[in-house]
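Let me put the model up and we'll walk through it together.

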Amino acid sequence: IGHVCQGVCVSLSHFRIFTLFFYILGSVSSSRTMGGGEKFQIPDWRMYKAKDLPMLTDLERALAARGLKDPWIRNYAWRYMPGNYTPPFTLFKMTVFRGFKWGLALTAVAIVLDGLRTKYNPPKHGHH
């Protein structure tokens, strides 16, 4: 029984140490990244105008040709502002080809290492 109690006590002390460590680590990292600095400023809604953006102007014209009007089109203007908008093809390229050169290089290294492994340590034929 003493051995079991000793193991439990050691486990609890390790648990306390890790808890304290992660508490300190969490408070240090959160104080650096969150909870400090400048207060977030909500942008003024009047700065977003559909008439300044070609994509939304084209949409307004297309709707007007059909006798329709979107009163909430201003709410989509932020997506197409020059600093916020990324064209769909660019997003596709970023998603598909991000890290492509590193992946290709690692594939080549893996193929070379596998070839060297089979050259210097050929597979043994027989029972597995």
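This is a predicted model: local features need pLDDT of at least 70, side-chain atom pairs count only at pLDDT 80 or more; totals for chains, interfaces and linings use all residues.

Residues are numbered from 1 along each chain as its sequence is written, and side-chain values use heavy atoms, with hydrogens and water left out.

The protein chain has four helices and zero strands, taking DSSP runs of H or I with at least four residues as helices and of E with at least two as strands, numbered from the N terminus. Of its 128 residues, 6% are buried, meaning under 20% relative accessible area with a 1.4 Å probe, protein chains only; exposed is over 50%, and partly exposed is in between.

Now the core. Seven residues make up the largest nonpolar core: Tyr48, Ala50, Leu53, Leu56, Ile73, Ala77 and Met81. By nonpolar core I mean buried Ala, Val, Leu, Ile, Met, Phe, Trp, Tyr and Cys residues joined through side-chain atoms within 4.5 Å. Skipping neighbours within four places in sequence, Met81 is in contact with Met47, Tyr48 and Leu53, contact being heavy atoms within 4.5 Å.

What about Thr57, buried or exposed? Thr57 counts as buried because its relative accessibility is 18%. Thr57 sits in helix H2, residues 54-65, and, again leaving aside neighbours within four places in sequence, touches Ala50 and Lys51 as contacts.

Last stop, Phe100: this residue is in helix H4 and is partly exposed, at 48% relative accessible area.
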